[in-house]
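The sequence and the structure are shown first.

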Amino acid sequence: MISDKLRDQTVSFTKEIQALLNGTIGSHVQVKAVALDLGDDRLFALGHLLDKQTMTAQRFKLKPTAPRTELWMDVSFQLRLDAEREHLMVQKSFVGVFGSPEAKHGLFHYDYERDKADGYPDAHLQVDAVSDLFHTLNDPKTDTGRSLAQLHFPVGGKRFRPCLEDVIEFLVVERLVEARDGYQAVLDSGRVRFRRNQLMAAMRRDPATVALFVERYGLPGAAQG
């Protein structure tokens, strides 16, 4: 059974993601959360108009700066509580940009899968691109035909991976999509919240480093002798 704590925190997170997208580069994005009860692994899946039967999110349309082009964004999350069942954590996430609602290949996508089992980095970036140099580096015995798009570029792991705000800012700064007025303030606010949460999680998992910091620098606001 899904706990009330997980449900409440998921509802709050869903609202944050929807407000972020609609306040920056999206329009009428509707992020929905659906509970998954898989034995001891109780999860919520999130995404734009998430289909309860297939558990897949729909892509939503962006407004490219280039005329007569289409650009679609795919954003999805799986959420659960941490080991102490106190704090919400991301089990999986996917952020990708594509040229159509059904395209299998796009511009790029960021993936995160906690404790990924296939040897690739938990948090990684894949760019749908080609490189003549990379083609020459492939081992002809094992990697013939492998493309640059199949490389998994590590991007900071569990704690320091890019957030959705970073991806949105990239699309705007590189003049790929148009943003709403005031988008930067929305990004800044969300990014501060994300980084604070990540820092708190890192501190909970590494109290020895926290103690070392306090020993070396003291507590913030403490009286100086």
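In this predicted model, the second largest pocket holds about 350 Å³ of space. Its lining comprises 19 residues, and those nearest the centre of the pocket are M55, S76, Q78, K92 and F94. Four elements, β2 (41-48), β4, β5 and β6, each provide at least two residues of this lining. The largest share comes from β4, which contributes four residues. Sorted by class, the lining of the second largest pocket consists of nine nonpolar, five polar and five charged residues.

The largest pocket has a volume of about 950 Å³. It is lined by 39 residues, of which F13, V90, F194, N197 and Q198 are the closest to its centre. Both helices and strands take part in this lining: α1 (4-22), β4 (72-81), β5 (88-98), β6 (108-113), α3 (157-160), α4 (164-173) and α5 (183-205) each supply at least two residues. The element that gives the most is α5, with nine residues. By class, 21 residues of the lining of the largest pocket are nonpolar, seven are polar and eleven are charged.

A search of the whole structure identifies two cavities of 30 Å³ or more. The largest cavity has a volume of about 40 Å³, and its lining is formed by I17, L21, V31, L46, G47, H48, F60, V75, S76 and F77. At least two of the lining residues come from each of α1, β2 and β4. Seven residues of this lining are nonpolar and three are polar, whereas no charged residue is found there. S76 belongs to the lining of the largest cavity and is also among the residues nearest the centre of the second largest pocket.

| Space | Volume | Lining by class |
|---|---|---|
| Largest pocket | about 950 Å³ | 21 nonpolar, seven polar, eleven charged residues |
| Second largest pocket | about 350 Å³ | nine nonpolar, five polar, five charged residues |
| Largest cavity | about 40 Å³ | seven nonpolar, three polar, no charged residues |

The helix pair α1 and α4 is considered next. Two packed helices are described by the angle between their axes and by the distance between those axes. The axes of α1 and α4 come within 11 Å and cross at roughly 10 degrees. Angles under 35 degrees count as roughly parallel, and α1 is therefore roughly parallel to α4. On the α1 side the contact involves I17, L20 and L21, which meet L164, E165 and I168 of α4. By class, the contact has five nonpolar residues, no polar residue and one charged residue. Two of the α1 contact residues, I17 and L21, are also listed in the lining of the largest cavity. Both helices, α1 and α4, each supply at least two residues to the lining of the largest pocket as well.

The overall architecture gives the setting for these features. The chain contains six helices and eight strands, arranged along the sequence as α-β-β-β-β-β-β-β-α-β-α-α-α-α. Its C-alpha trace spans about 60 × 45 × 45 Å along the principal axes. Of the 225 residues in the chain, 36% are buried. Among contacts between residues at least 6 apart in sequence, 52% join residues at least 24 apart.

Key:
Residues are numbered from 1 along each chain as its sequence is written. This is a predicted model: local features need pLDDT of at least 70, side-chain atom pairs count only at pLDDT 80 or more; totals for chains, interfaces and linings use all residues. Side-chain values use heavy atoms; hydrogens and water are left out. On a 1 Å grid over the protein atoms alone, a cavity is a set of points where a 1.4 Å probe fits but cannot get out, and a pocket is an open set with protein on both sides within 12 Å along at least five of seven lines; lining residues have an atom within 4 Å of a point. Grid points are joined across faces, edges and corners, and a volume is the space filled by probe spheres set on the points. Ala, Val, Leu, Ile, Met, Phe, Trp, Tyr, Cys and Pro count as nonpolar, Asp, Glu, Lys and Arg as charged, and the others, Gly among them, as polar. Axes are lines fitted to C-alpha atoms, for helices over the stretch in contact, and angles run from 0 to 180 degrees between N-to-C directions. Angles under 35 degrees count as roughly parallel, over 145 as roughly antiparallel, 65 to 115 as roughly perpendicular and the rest as oblique. Contact means heavy atoms within 4.5 Å. Buried means under 20% relative accessible area, exposed over 50%, partly exposed in between (1.4 Å probe, protein chains only).
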